[in-house]
Amino acid sequence: MTTTAFITHRDCWLHDMGTFHPECPDRLAAINDRLIAAGLDMYLSFYDAPLATQEQIVRVHPANYLEELNASVPDHGIRHLDPDTAMSPGTMKAALRSAGAGVLATDLVLKGEIENAFCAVRPPGHHAERGKAMGFCFLNNVAIAARHALEAHGLERVAIVDFDVHHGNGTEDAFRDDPRVLMVSIFQHPFYPYSGADCTAPNMVNVPVPAGTRGDAFRTIVAERWMPALREHKPQMVFISAGFDAHYEDDMGSVGLVESDYVWVTEQIKAVVEECGHKNIVSILEGGYSLSSLARSVVAHVKALADL
């Protein structure tokens with residue numbers, strides 16, 4: 001059997017923030033093309049993402065926030081919620097599929113139908129706070145998936161690993177001081193969204209890094225800061241906020257990772273979950289805006305997940 005699920009939906013292409021916006025539908029097209037070119041498609045199990053339900057979403061976002069989002073969808077054109085986050089007529093359908101992908105991935109893994117999953121979705125989610133859309137994000141996909149594991153499946157401990165170049169302020173907002181959830185992250189600082197560096201919550205292992213940080217420093221941080229915390233927490237499932245904008249070719253940030261760094265960190269995460277007696281990993285796409293490096297990095301990450 002295939003070990004890895006690949007979850008996406010054509011509705012995720014419907015969200016459009018305008019010509020030249022870096023968070024564009026071409027991101028998913030580039031990933032799909034590279035996946036096929038690499039011959040990976042025959043080794044994965046493909047699933048269409050369902051629409052997340054209100055019950056699943058309100059575990060993270062209040063119902064009135066969801067109502068505000070729905071009311072903000074334009075009939076045509078683009079409506080800006082902030083200078084860099086905008087809605088088009090297809091935005092909510094895409095956002096509901098993106099959140100639903102993480103929920104389906106969690107169900108598939110915890111039912112033992114698959115060992116791990118990658119969700120190729122957009123819009124991303126880790127900047128979406130409980131009641132605020134920002135940073136290209138509307139619903140916090142990884143937080144909704146993690147809450148689903150805790151509330152619907154009864155897990156007692158989960159972890160979230162975030163290697164996007166930007167701090168996952170929304171995920172921190174959802175889980176700060178929740179002892180069931182450990183979040184380990186690395187992010188360029190000072191940099192958008194200008195948060196995370198001063199967090200003192202015991203369940204947040206935030207490691208800000210300066211512009212120009214390269215793979216050797218990243219690997220040291222993972223080995224010395226993330227791994228001991230993960231081993232101590234003993235998560236029953238690990239969620240990955242898989243942003244690939246820390247790649248050296250991505251001019252959204254100024255951190256210099258390469259594909260082999262993403263392979264290495266994926267292998268470290270796999271090793272730690274196996275030490276905990278399972279293989280439960282759900283990875284959800286966040287950033288990554290240089291189409292070539294994004295596609296190459298996703299394929300490298302998925303190959304590592306699938307032991308290929």
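Predicted model: local features only at pLDDT ≥ 70, side-chain atom pairs only at ≥ 80, totals over all residues.
## Ground rules

Residues are counted from 1 along each chain as its sequence is written, and side-chain values use heavy atoms, with hydrogens and water left out.

## The annotated span

An unreviewed UniProt entry lists residues 21–305 as "domain: Histone deacetylase". UniProt positions are given here in the numbering of this model, feature names are shortened, and annotations may be inferred rather than shown by experiment. In the model, that span is 40% helix and 15% strand, and its end C-alpha atoms sit 30 Å apart. Helices (H or I, at least four residues) and strands (E, at least two) are DSSP runs, numbered from the N terminus.

## One cavity

How many cavities of 30 Å³ or more does a search of the whole structure find? It turns up 1. A cavity here is a set of points, on a 1 Å grid over the protein atoms alone, where a 1.4 Å probe fits but cannot get out; lining residues have an atom within 4 Å of a point. Grid points are joined across faces, edges and corners, and the volume is the space filled by probe spheres set on the points. For the largest cavity, that comes to about 40 Å³.

Its lining is made up of Asp164, Val165, Ile186, Phe187, Gln188, Val209, Thr213, Phe218, Ala246, Val255 and Leu257. Strand β7 (residues 181–188) is the top contributor, with 3 residues. By type, the lining splits into 8 nonpolar, 2 polar and 1 charged. For that tally, Ala, Val, Leu, Ile, Met, Phe, Trp, Tyr, Cys and Pro are nonpolar, Asp, Glu, Lys and Arg are charged, and the others, Gly among them, are polar.

## Rings and a charge

Rings of Phe, Tyr and Trp (its six-membered ring) pair up if their centres lie within 6.5 Å; planes under 30 degrees apart are stacked, over 60 edge-to-face, and the rest tilted. The count by this rule is 7 aromatic pairs. One of them is Phe136 with Tyr289, an edge-to-face pair at 5.7 Å centre to centre with 85° between the planes. This pair bridges distant parts of the chain, 153 residues apart: Phe136 is in the loop between β5 (116–119) and α5 (141–151), and Tyr289 in the loop between β10 (281–285) and α9 (291–305).

Elsewhere, Phe6, Phe46 and Phe118 make up one aromatic cluster. There's also a charge over a ring (NZ of Lys or CZ of Arg within 6 Å of the ring centre and within 35 degrees of the ring normal): Arg10 lies over the face of Trp13, 3.8 Å from the ring centre.

Most residues other than glycine have a negative phi, and most peptide bonds are trans. Which residue does a cis peptide bond join to arginine 122? The partner is Pro123, with omega at about 5°, and Pro123 belongs to the loop between β5 and α5. Another cis bond runs from Tyr192 to Pro193, with omega near 0°; Pro193 is in the loop between β7 and β8 (204–209).

Phe136 shows up again here, with a positive phi near 75°. Phe136 counts as buried because its relative accessibility is 10%. Lys234 also has a positive phi, near 55°, and is found in the loop between α7 (215–233) and β9 (238–242).

His166 is in the loop between β6 (158–162) and α6 (169–175), and counts as buried because its relative accessibility is 8%. Its C-alpha is 14 Å from that of Asn140, 26 residues away in sequence. Gly168 is found in the loop between β6 and α6 and is buried, with a relative accessible area of 0%.

Is threonine 171 buried or exposed? Thr171, in helix α6, counts as buried because its relative accessibility is 0%. Thr171 and Leu40 are 131 residues apart in sequence and 30 Å apart in space, C-alpha to C-alpha.

Methods: 1 Å grid on protein atoms, 1.4 Å probe; cavity = no way out; pocket = protein on both sides within 12 Å on 5 of 7 lines; lining within 4 Å. Buried < 20%, exposed > 50% of the residue type's maximum accessible area, 1.4 Å probe, protein only.
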